[in-house]
Amino acid sequence: MCYFYNAFKCEMMTENIFEVMLQNRRNLHAILTKTPKEKLLKIPEGFNNNVYWNIAHTVVTQQILIYKFSGLQMRVPDDLISKFSKGTVPDGTAADEEIMMVADFLISTAEWLIEDYNTALFQTFNEYTTSARVTLRNVEDAIAFNLFHEGLHIGQISLLLKQ
């Protein structure tokens with residue numbers, strides 16, 4: 001809910017957040033599809049994950065933060081959720097089919113979120129406090145926090161690509 005903005009400003013703010021989210025996802029899609037597989041999967045010394053894990057993790061986390069905590073069915077397979085959720089670590093391998101599935105989900109999950117939000121699918125939300133100590137009270141909080149979360153992982157990906 002937008003408590004401090006009139007309805008027009010709130011709608012504009014949401015549109016801007018969605019535009020930033022889509023651009024971030026396009027950037028991640030380009031990295032995923034244009035970076036050699038060995039570089040995507042390499043876990044450099046001093047790191048505990050790789051570029052591919054970070055990208056897949058953004059897809060999974062968006063689904064958890066927004067759909068799961070809204071009491072809705074997540075739109076990605078359970079095996080991706082279990083493989084790329086918080087606390088998991090990559091093993092340095094991935095099938096080409098899985099990489100392409102993640103690439104497809106990067107864009108489709110963002111587009112579905114916009115569509116689902118605009119059709120008022122999100123009616124309830126189970127309050128959740130993140131590991132960053134941010135309490136999400138509604139879907140708008142989750143969308144905003146997810147954008148922040150993806151930004152953190154884009155920064156990590158940049159570091160990994162420089163290794």
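I began with a pair of helices in this predicted model, and found that helix α3 (residues 51-67) packs against helix α5 (residues 96-118) at an angle of about 30°, their axes being 10 Å apart. Because angles under 35 degrees count as roughly parallel, I noted α3 as roughly parallel to α5.

I then looked up which residues make this contact, and listed Y52, I55, A56, T58, V59, Q62, Q63, I66 and Y67 on the α3 side, facing E98, I99, V102, F105, L106, T109, A110, W112, L113 and D116 on the α5 side. For the handedness, I recorded that α3 passes α5 in a left-handed crossing.

Staying with α3, I checked its length: its 17 residues reach 24 Å from the first C-alpha to the last, close to the 24 Å expected at 1.5 Å a residue. At its N-terminal end I found a cap from N50, whose side-chain oxygen lies 3.4 Å from the backbone nitrogen of Y52, and Y52 also belongs to the α3 residues in the contact with α5. On burial, I noted that 17 of the 17 residues of α3 are buried, so this helix is largely enclosed by the rest of the structure.

I turned next to helix α6 (residues 139-162), where 24 residues reach 35 Å from first C-alpha to last, close to the 34 Å expected at 1.5 Å a residue. Here N138 caps the N-terminal end, with a side-chain oxygen 3.1 Å from the backbone nitrogen of E140. My list of buried residues in α6 reads V139, A142, I143, F145, N146, L147, H149, E150, H153, I157 and L160. Beside that list I wrote a reminder that an α-helix has 3.6 residues a turn, so residues three or four places apart point the same way.

How values were computed: Residues numbered from 1 in each chain as written. Predicted model: local features only at pLDDT ≥ 70, side-chain atom pairs only at ≥ 80, totals over all residues. Heavy atoms only, no water. Helix = DSSP H or I, 4+ residues; strand = E, 2+ residues; numbered from the N terminus. Expected span 1.5 Å × (residues − 1). Buried < 20%, exposed > 50% of the residue type's maximum accessible area, 1.4 Å probe, protein only. Polar contact = N/O pair within 3.5 Å; in protein donor to acceptor, adjacent residues only side chain to side chain. Axes fitted to C-alpha atoms, helices over the stretch in contact; angles between N-to-C directions. Parallel < 35°, antiparallel > 145°, perpendicular 65-115°, else oblique. Left-handed = near helix turned anticlockwise from the far one by under 90°. Contact = heavy atoms within 4.5 Å.
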